[in-house]
Amino acid sequence: MVSRKSFWYRVRKHWDMYLMLIPALAFLILFKYLPMWGIRIAFQDFNIFDPNGSEWVGFLNFQKLFASKDFLTVLRNTLIISFAKILILFPMGVIVALILNEVHSLWYKKTVQTIIYIPHFFSWIVVAGIFTSILSTTNGLLNQLIELLGGEAVNFITPAWFRSVIVFSAGWKEVGWNAIVFIAAIAGVGQEMYEAARIDGAGRLRQIWSITLPSIMPTIILMFILRIGSIMNAGTEQILAMYNPVVYNVGDVIGTYVYRIGLGKMDYSFSTAVGLFESLVGFLLVMTGNWLSRRTVGSSIW
Amino acid sequence: MKKKSILSLILAFAMALSLAACGSTPGKNNSSTPSKAENSSAAEPVNTPDGEKPVLKQLMINAAEDYNAYPVAADIKEMTGYTVQYDMLPKDETADKLNLIMASEQEYDIVSYIGDVALVMNFAQNGALVDINPYLDSAPNLKNAISDYARETFSIDDSLYAIGMENISFDGLGEVRETLFTRQDWLDDLGLKVPTTTDEFVEMLRAFKDYDNGTGTKVIPMTLPGNRVILSGLTGAFGIPNEWNEIDGELVNWITDPRMKDYLAFLKGLYEEGLLDAEFPANKVENQKEKYTNGTAGVAYFGYWDCPSLYDTMDQTQPDHVQAFIPYLVGPNGDAGIGTNVNSGFDRISFIPKASQHVDDVFNFINIQLEEENFRTVTIGKEGVHFTQDENGDYWPIKPTFFDERSLSNNYNIGRLPIYPTYWMCRAKKDDRQWNCWQHLNQNEEVKAVNTVCVASGVPSFPETSKNKQSLDQMVLDQQIKIIAGTESVDSWDAFVEEWRAAGGDAMIKEYNDWWASRK
């Protein structure tokens, strides 16, 4: 009762602030909640040309999903690629931010920062094109180099290499961009702490370890939890642009699978079921991540 | 004061939002009108209030030029009075794109498509297409333009859902349209002849591998587009020229034929020896063309209609190029054949989506275009400008006007009058290089001897086949690529065939054989 009263009290006091919240809420409702009506497709035998005449089939599509042999492959690929991206690329963002922070020439720092985040604005189609031509077995830049050094040309779009290519190209494209948040967080750390540390005789590494990292830890955790939420999204657009049937068994992820089944075979119900499964797992992971972080580090999103 | 200005700002924003919302409502209502219009359309013509003709939207097959700016468009506008806005499908993954367009009910009035009957009939079965039959009486020219075979193929019960334009056939043989292209000039350099057997073919590819093409880049002996690994002149070398072949009185699909494994083993062998483009699975249609035209690849697969642009490009990039064609090869067991169809199959299919708002106008538009003189103007142009007629009544193109202004004309056709084959011969001669290739494929006695007409020619459409064909074809292509270029063994094909049967292959085989039995 008390809390409710204070809530309305706050609303009345800051009514203009709450009013400004309305567009954001409208956005959420319009673009995030209303489309959820589409989830029903997962429980129907959906006919796109006659949406209202579609038959309800309960959990049949989910049964089909868990029984299909593709499902395990696709889930495994999604998790492997996603974990590889998080384990390798997430710390890279922090490391790049820390390194850039140690650069004293402002001009140099800004230039490097700009150059490494520019690839973020390239479309995956362009990036895939660049990598395909660099990695090409015939007349590709990298293979020409390998052959010049006496090696044998390597076909990179094969099951043995495909995941590495995916993780590496994602790193090339996104690490600079991911670092920006951390660079901003580092800029907010009070200079007096560094001064005090220097007086106490702390070296550069000590300062990073004992001041910078702890100070930006809340940001790191926030970003990490958000990243965990999208673990089931291993980079659909990227893989779609780079894969082919030869590497389906190592590179086919939930997103690409949904695309192929949904559009290629017009099996909308099945692909919606796959998508819903993906979202549920993502939701659970965010909840768990948040809970874990509250328990262990004492800081969390909510 | 401060609060007031914030308030007015928010109010302005809210109003803008609500206006935007209002703006979107009529659009929403529109999407429900087609069904209404469809019910009442036969009774009342949907003319716009001031009697003006509406702008029609037509989705075309892919072409290198903009249909809106192409000269045929202006002629059509002049004769019909309708302004048409032309869009086109992409070059690759056409079926996916078409699915998406149909599923999102984009308001196209006419769609023209090259491809499988099954996909179109799948739309029809799902109720996405307008039934043409009720409109035929008011569009007599269109009625003339639909053959019995086309009517039979695209009908479900008493409804007709598409306008099929049949493949051309000559002397009882189906048209050979595609072939492997190779470089005669390279062969001359190497002292080789155009291969006639699979062994000679492999020998040629081996020689190409170390060939110095003068550009300093390595040669890819043979490339393919990533969406085609079954080349009918090549499967013929392994005894399976057509998708359906008769064995002991039954129709056998080449997927279940054990000789398909021999064919796949052959291609896998080429791949593993480095004779087949290591990156062919990722090739788009355009990549294969580029690799061939810039002199990187020695063999590639094209249709005769690719000749003009292919020669034009190579005259620039490879001035010494001389083309040779390999339409078929003789296989290890002496088999040879090129699969073709007679009185069967359609090279263009047009249909009218339910989402169309102007169904009556569409039929009026089509009917005007199919008046005899108009049809001739669209297809081969104007006498003295685009063509001449000799004393035998044959039409001859006037070069280069015909080529420049009528190359794409058959893509504008919606339905074809019975005279079309005559016009078609004129079209075929529009470019000497293309004509030469076409003659080689269709008038050369040696090639004619192996032209194998599919026994399942003239097959109507079947419900189960329509439903599953697209996904079955995708399954097959994926598995074949995995075998040829991936880690799967040729023997994995057996397990795959079982999967394919369960996924609808058996249902299709049954439909075909029931039809086959009923026909005898």
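pLDDT is the predictor's confidence in each residue, from 0 to 100. The model on screen is predicted: local features need pLDDT of at least 70, side-chain atom pairs count only at pLDDT 80 or more, and totals for chains, interfaces and linings use all residues. Residues are numbered from 1 along each chain as its sequence is written, while chains are lettered from A and ligands numbered from 1 in the order in which they are written.

**Stop 1: colour by confidence**

The model scores ipTM 0.76 and pTM 0.80. Select chain A first. Its average pLDDT is 88, and 98% of its residues score at least 70. In chain A, confidence is lowest in helix α1 (residues 2-13), with a mean of 78, and highest in helix α8 (residues 162-187), at 93. Helices here are DSSP runs (H or I, at least four residues), strands likewise (E, at least two), and both are numbered from the N terminus.

Now select chain B, where the mean pLDDT is 87 and 90% of the residues reach 70 or more. Within chain B, residues 15-50 have pLDDT below 50, and this stretch has 20 contacts in the model beyond near neighbours in sequence. Two residues are in contact if their C-beta atoms, placed from the backbone, lie within 7 Å. Where pLDDT is low, the predicted coordinates should not be read in detail.

**Stop 2: a helix pair in chain A**

Show α8(A) together with helix α10 (residues 204-229) of chain A. The two pack at an angle of about 140°, with their axes 9 Å apart. Axes are lines fitted to C-alpha atoms, for helices over the stretch in contact, and angles run from 0 to 180 degrees between N-to-C directions. The crossing of α8(A) and α10(A) is right-handed; a crossing is right-handed if the near helix is turned clockwise from the far one by less than a right angle, and left-handed if anticlockwise.

For the side chains, select A:V181, A:F182, A:A185 and A:I186 in α8(A), which meet A:T212, A:I216, A:T219 and A:M223 in α10(A). By class, this contact has six nonpolar, two polar and no charged residues. Ala, Val, Leu, Ile, Met, Phe, Trp, Tyr, Cys and Pro count as nonpolar, Asp, Glu, Lys and Arg as charged, and the others, Gly among them, as polar.

**Stop 3: where the chains meet**

Show both chains. Their contact takes 30 residues from chain B and 25 residues from chain A. On the chain B side, α1 (2-30), α4 (94-103) and α21 (463-485) each supply at least two residues. The largest share of that side, seven residues, comes from α21(B). The chain B side divides into 14 nonpolar, 10 polar and six charged residues.

**Stop 4: the two domains of chain B**

Colour chain B by domain: domain 1 is 56-167 + 345-382 + 410-418, and domain 2 is 174-341 + 446-519. These bounds come from an automatic or database domain assignment. The C-alpha centres of the two domains lie 30 Å apart, and 16 residues of domain 1 are in contact with 17 residues of domain 2. On the domain 1 side, α5 (117-125) and α7 (148-153) of chain B are the elements that give two or more residues. α5(B) gives the most, with six residues. The domain 1 side divides into seven nonpolar, five polar and four charged residues.

**Stop 5: α5 and α21 of chain B**

α5(B) passes α21(B) in a left-handed crossing. The contact residues include B:L119 and B:M121 of α5(B) and B:P463 and B:K467 of α21(B). By class, the contact has four nonpolar, five polar and two charged residues.

**Stop 6: α15 and α18 of chain B**

Next select helix α15 (residues 372-380) and helix α18 (residues 420-428) of chain B, which pack at an angle of about 20° with their axes 10 Å apart. That makes α15(B) roughly parallel to α18(B). Their crossing is right-handed. B:R376, B:T379 and B:I380 in α15(B) meet B:Y423, B:C426 and B:R427 in α18(B).

**Stop 7: two backbone details**

Zoom to B:K399 and B:P400, which are joined by a cis peptide bond with omega about 0°. B:P400 lies in the loop between β18 (395-397) and α16 (401-406) of chain B. Finish at B:E105, in the loop between α4 and β3 (110-113) of chain B. Phi of B:E105 is near 50°, a positive value in a residue other than glycine.

Definitions and conventions: Angles under 35 degrees count as roughly parallel, over 145 as roughly antiparallel, 65 to 115 as roughly perpendicular and the rest as oblique.
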